[in-house]
Amino acid sequence: MKNRIALTILSALTLCGVAFADIQSPPGHHYNWSRKLSRGFGNVLYGWTEPFNVWQRTVETDGAHAAFADFFIEGVKRITVRAGYGVYEMATFPLPSWKLTYRPPYYRKAQIDPWWGYTEFSPQMGFMSQTDYSRNQGW
C-alpha cells in the first residue's frame, strides 16, 4: 500500500513538473536580436513584392480597374513602409526597442486588419500559404 501511495505521489509530481516547464517558456521567446535583424533584411530586400500582393487581393474583391490603381498607390506606400521598418530594425537590432522587446513594431496591425495589415515578413510571390512564420500560443 505504501508503494502505491509513493508511486502515485511521484507520478503526480512528475506530471506537474512537466506542466510547469512549459510555462517557463513564454510565447515571445523566439523574438530575439537575430530574428529582428533578419526581419529587417527581409523587409528591405523583399518589400518590393507588396504591390503584387495588393494587386492579387484587390482583383479578388474589387476588380481589375481598382487593382490597377491600388497597384501603384497602395503598393508604393507599402514598399515605403516596409523599407522604413527594415532600415529601422537593422539599425536597432542589438537593442530591444519596441516596448522593450524584439517584436516587430507593427505586431498588432495584422491582427487588427488582416486584409491590409502588415505581416512579420514580406509576402511571397506566387502561391501564398496561410501559415504563420512563428508559432503562436493562444490562452
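Helices H3 and H4 pack at an angle of about 145°, and their axes sit 7 Å apart. For that geometry, axes are lines fitted to C-alpha atoms, for helices over the stretch in contact, and angles run from 0 to 180 degrees between N-to-C directions. This is a predicted model, where local features need pLDDT of at least 70 and side-chain atom pairs count only at pLDDT 80 or more, while totals for chains, interfaces and linings use all residues. Residues are numbered from 1 along each chain as its sequence is written, and side-chain values use heavy atoms, with hydrogens and water left out.

**Overall layout**

- The protein chain has 5 helices and 0 strands, with helices (H or I, at least four residues) and strands (E, at least two) taken as DSSP runs numbered from the N terminus.
- Along the sequence, that reads as α-α-α-α-α.
- Of the 139 residues in the protein chain, 26% are buried; here buried means under 20% relative accessible area, exposed means over 50%, and partly exposed is in between (1.4 Å probe, protein chains only).
- The protein chain exposes about 9700 Å², with carbon and sulfur atoms supplying 67% of it; the areas come from the Shrake-Rupley method with a 1.4 Å probe, and for residues only the protein chains shown count as cover.
- Take the contacts (heavy atoms within 4.5 Å) between residues at least 6 apart in sequence: 70% of them join residues at least 24 apart.

**The H3/H4 pairing**

- The crossing of H3 and H4 is right-handed; the rule is that a crossing is left-handed if the near helix is turned anticlockwise from the far one by less than a right angle, and right-handed if clockwise.
- On the H3 side, the residues in contact include Glu 50, Pro 51, Phe 52 and Trp 55, and among their H4 partners are Phe 68, Phe 71, Gly 75, Arg 78 and Ile 79.
- Pro 51 belongs to helix H3 and counts as buried, at 7% relative accessibility.
- Leaving out residues up to four places away in sequence, Pro 51 touches Phe 71, Gly 75 and Ile 79.
- The C-alpha atoms of Pro 51 and Glu 74 are separated by 7.2 Å, though the two are 23 residues apart along the chain.

**Salt bridges**

- The count comes to 4 salt bridges, each being a side-chain nitrogen of Lys or Arg within 4 Å of a carboxyl oxygen of Asp or Glu.
- Arg 78 and Glu 50 meet in one of them, at 2.8 Å from N to O. Arg 78 is in helix H4 and Glu 50 in helix H3 (residues 50-61), so this pair links distant parts of the chain, 28 residues apart.- Both partners are buried: Arg 78 has a relative accessible area of 3%, and Glu 50 is at 0%.
- Glu 50 and Arg 78 are also linked with Arg 82 in a network of salt bridges.
- Glu 89 pairs up with Arg 39, the closest N and O atoms being 3.0 Å apart. Since Glu 89 lies in helix H4 (residues 64-91) and Arg 39 in helix H2, the pair ties together parts that are 50 residues apart in sequence.
- Glu 89 is buried at 0% relative accessibility, and Arg 39 is buried at 0% too.
- Glu 74 bridges to Lys 77, with the closest N and O atoms 3.2 Å apart. Both residues lie in helix H4, 3 residues apart, or about one turn of the helix.
- Glu 74 counts as buried at 18% relative accessibility, whereas Lys 77 is partly exposed at 41%.

**Nonpolar surface patch**

- Phe 41, Val 44, Leu 45, Tyr 46, Trp 48, Phe 52, Val 87 and Met 125 make a nonpolar surface patch of about 800 Å².
- Patches are made of residues with over 30% relative accessible area and no salt bridge; like charges are joined within 9 Å, and nonpolar side chains (Val, Leu, Ile, Met, Phe, Trp, Tyr) within 5 Å.
- Helix H2 (residues 33-46) brings the largest share of the nonpolar patch, 4 residues.
- Val 44 is found in helix H2 and is partly exposed, with a relative accessible area of 36%.
- Met 125 comes from the segment after helix H5 (109-112), and at 44% relative accessibility Met 125 counts as partly exposed.
- Not counting residues up to four places away in sequence, Met 125 touches Thr 49 and Phe 52.
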